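This report describes how two protein chains meet in a model. The sequence and structure come first, and the contact between the chains follows.

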2 protein chains.
Amino acid sequence: MSWLDQITWTDDGLVPVIAQEWQSNDVLMFAWMNREALALTAQRGEAVYWSRSRGRLWHKGEESGHVQRVHEIRIDCDADVVLLKVEQLGHQPGIACHTGRHSCFFQLLKDGAWQSVEPVLKDPSSIYK
Amino acid sequence: MSWLDQITWTDDGLVPVIAQEWQSNDVLMFAWMNREALALTAQRGEAVYWSRSRGRLWHKGEESGHVQRVHEIRIDCDADVVLLKVEQLGHQPGIACHTGRHSCFFQLLKDGAWQSVEPVLKDPSSIYK
């Protein structure tokens, strides 16, 4: 049996994926994969997600150049969530977020409101042309 | 407008949640919250999830004593994923997984198979009585 068969896929054939930075352990982003995306990720050693909004495979960094080199692929105890340990390439420090920030998780709950607490490292208009 | 209204909930009224250890940055587990769970989490400073299998609120640690003290609540750029930074209480080192392991993400893809790479810190039968 393939390792892919051991994953508990959603009814839509997807699995949630957490991308964590290899060196810092920072959580960079959250996305989804289908079976083909996960197979390609393992094969290429670069993160390939399933874009639910675009309805197609999404090789992370295909537009921005911010490719994720995969160091580890893990699953949780229920085999229904994937954890990727990645090196975020293309910029130093790594930019995973489409807003030009290191991590997508830049909004912190403080005094009853969401506050942006991480800097924009690169203007998004210069990332996506 | 409440900070809770700014979250993009699923059609089922849920949001995916990543729990990350405050000190080590280890990703401990992945779960779901509904609006009430997230409100309670912020109010109590302890993680309260929505158990989809049991169909009820789940105060993490209610049986095991492995409560998660919340240090930060973050959301991502799309406001549809929550990241909790928590202290995993009740055992040293912290046990987040029902298998008695530190993290739920203990299965690593290696040579085309999932391999358990993290030790069981405490026998689950002595955690859940």
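Strand E5 (residues 68–75) of chain A and E7(B) run antiparallel and are joined by two bridges. Within E7(B), B:Gln107 is the bridge partner of A:Ile75. The model is a predicted one.

The contact involves 36 residues of chain B and 36 residues of chain A. Between them the two chains bury about 3,100 Å², with 68% of that area on carbon and sulfur atoms. On the chain B side, the most area is lost to chain A by B:Arg74, B:Phe105 and B:Trp114, which together make up 22% of what that side buries.

| Item | Value |
|---|---|
| Salt bridges between chain B and chain A | two |
| Residue pairs in polar contact between chain B and chain A (both at pLDDT 80 or more) | 20 |
| Salt bridge B:Glu118 to A:Arg74, N to O | 3.1 Å |

Several strands of chain B each supply at least two residues to the side that touches chain A: E1 (14–21), E2 (27–34), E5 (68–75), E6 (82–88), E7 (107–110) and E8 (113–116). E5(B) gives the most to this side, with four residues. By class, the side of chain B that touches chain A consists of 22 nonpolar, eight polar and six charged residues.

Technical notes. Residues are numbered from 1 along each chain as its sequence is written. Chains are lettered from A and ligands numbered from 1 in the order in which they are written. This is a predicted model: local features need pLDDT of at least 70, side-chain atom pairs count only at pLDDT 80 or more; totals for chains, interfaces and linings use all residues. Side-chain values use heavy atoms; hydrogens and water are left out. Contact means heavy atoms within 4.5 Å. Buried area is the accessible area (1.4 Å probe) that two parts lose on being put together, summed over both. A salt bridge is a side-chain nitrogen of Lys or Arg within 4 Å of a carboxyl oxygen of Asp or Glu. A polar contact is a pair of N or O atoms within 3.5 Å; within protein, one must be able to donate a hydrogen and the other to accept it, and residues adjacent in sequence count only if both atoms are side-chain atoms. Ala, Val, Leu, Ile, Met, Phe, Trp, Tyr, Cys and Pro count as nonpolar, Asp, Glu, Lys and Arg as charged, and the others, Gly among them, as polar. Two strands pair if DSSP finds at least two bridges between them.
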